[in-house]
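User: Hi! I'm new to reading protein models. Could you walk me through this one?

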Amino acid sequence: MQAPQNLCILPRLRLKMLQRKTYYVKDLQSEIDTHTDTYHNLDENGQKILKGLEGAEDGVLLQRRLDDMNFHWTELRKKSLNIRACLETSAEQWKRLHISLQDLLAWLNLKNDELTRQKPIGGDAPAVQQQNDVHRTFKRELKAKEPVIMSVLDTVHQFLADQPIEGPESVLASPKVRTPEENAQAVARVIRKHAEEVKVEWDKLSTRSADWQKRIDEALQRLLELQGAMDELNRKLRQAEATRDTWQPVGDLLIDSLQDHIEKVKAFRAEISPFKENVTHMNDLARQFTPPDIQLSPYNLNQLEDLNTRWKLLQISIDERLKQLHEAHRDFGPTSQHFLSTSVQGPWERAISPNKVPYYIK
C-alpha cells in the first residue's frame, strides 16, 4: 500500500480537502491497524527461520527482506502519524478561525451597546464636549480593530472561495450519515454565516459611529454659538449694571445737577438699547433646541432666565431713575416755587393756582 504524499504542503488549506484527507487518513490508519498483527507475525517467524539458516545464503537474503519490510513499515507509520498531526493542526486552525469570528461578533455587540449608551446629546457645551472626547476614544478603538476584522474576513474568504453554498433541499433533507464533502459544506456554511454577520455588524457600527460624530459636531457648534451669545450679553449687562450701581440716590444730588443727570441717564438708555438685539438673538438660538433634538440643560435654562430677567430689571431701573429725576427737577429745579415755602409761617400755607400763580391760605 502506498501512503499519500505531500498532504501537508499546500499553499492554502481548503476545508473540503481537509475533510477528504481526514477521511483518507482514517482509512489508512484503519488499514495499518488491520495489518499490524500480520507484520508482527511475519517478523517473529522470520527471526525464527533466521536462527535455523545462520550462515547460509538464504539466511542473508531473508535478513535483507526482513530489514526492508521493517524499514517500510516504520516509514509508513511515520507518514501516517505525520499526516494525522498535519490534519489535526489544520482542523485546529479552522477551530481558531471560528472562535475568532465569534469573538469579533461579541466585541461588535459590546461596542454597539456602548455606542447606544453614549446617547442622547447633552444640553450644554461642556457636556457635549465630554461626549465628543469619549466618542473620539471610541473611534480610535474601532480604527485599531479594523485591520483585525479585515484580516479575519479576508482569511475566511480565501478558505471558502471554492466552497459551494448548500441549497434549501439539503437543509430540509432527512437526517443521514454525512459524507466528508457534506461535513465540509456544513462547517463552511457556519463559518460563512458568522463571517457575513461580522461584516454586517461592522458596517452598521461604522455607520452609526459616523452618524453620531456628525450629530455631536453639529450640536457642539450650535451650543457653542448659544453659549457665546449668552457670554456676550452677560458681559454687556455686567458693564451696564456696574454703571447703574454708581448712581447716587436722587435725594443726595445737587439741585443744579438734576438736568445733567437726566441727560446722562437718557444717554445711558440709548447706549444699552442695542442690547435688545443681543437678547433677541440669544432667545432665538435657544428656541431652536427642542426635544427630542436637544434638551437644554438646567444650567443653560437658568442662565437664559437670569439674563432675560437682568435685562428687564436694567430697563426698569432706568425708567424708575428718570421718573425720580424728573419729579425732583419739577419740584426742586429752577422753575419750581419751592423756595417760597420757607417764607410762610403757620397758620399760613402756600398753594399754586391752575395758572401757576402762588397764593396763601390760612
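User: Which residues does Lys-236 touch, not counting residues up to four places away in sequence?

Analyst: Quick heads-up: this is a predicted model, where local features need pLDDT of at least 70, side-chain atom pairs count only at pLDDT 80 or more, and totals for chains, interfaces and linings use all residues. Residues are numbered from 1 along each chain as its sequence is written, and side-chain values use heavy atoms, with hydrogens and water left out. Touching, or contact, means heavy atoms within 4.5 Å. Leaving out residues up to four places away in sequence, Lys-236 touches Phe-275 and Asn-278.

User: Is Lys-236 buried or exposed?

Analyst: Lys-236 sits in helix H5; helices are DSSP runs of H or I with at least four residues, strands are runs of E with at least two, and both are numbered from the N terminus. Buried means under 20% relative accessible area, exposed means over 50%, and partly exposed is in between (1.4 Å probe, protein chains only). The relative accessible area of Lys-236 is 18%, so Lys-236 is buried.

User: How far apart are the C-alpha atoms of Lys-236 and Ile-272?

Analyst: Along the chain, these two are 36 residues apart.

User: What is the order of the elements in the protein chain?

Analyst: The chain has eight helices and two strands. Reading from the N terminus on, the order is α-α-α-α-α-α-α-α-β-β.

User: How are H7 and H8 arranged relative to each other?

Analyst: Helix H7 (residues 275–287) and helix H8 (residues 298–332) pack at about 155 degrees, with axes 11 Å apart. Axes are lines fitted to C-alpha atoms, for helices over the stretch in contact, and angles run from 0 to 180 degrees between N-to-C directions. Angles under 35 degrees count as roughly parallel, over 145 as roughly antiparallel, 65 to 115 as roughly perpendicular and the rest as oblique. That's why H7 and H8 come out as roughly antiparallel.

User: Which residues of H8 make the contact with H7?

Analyst: On the H7 side, the contact uses Phe-275, Lys-276, Val-279, Met-282, Asn-283 and Ala-286. On the H8 side, it's Leu-304, Leu-307, Asn-308 and Trp-311.

User: What does Asn-308 touch, not counting residues up to four places away in sequence?

Analyst: Asn-308 lies in helix H8 and is buried, with a relative accessible area of 18%. Not counting residues up to four places away in sequence, Asn-308 touches Val-279, Met-282 and Asn-283.
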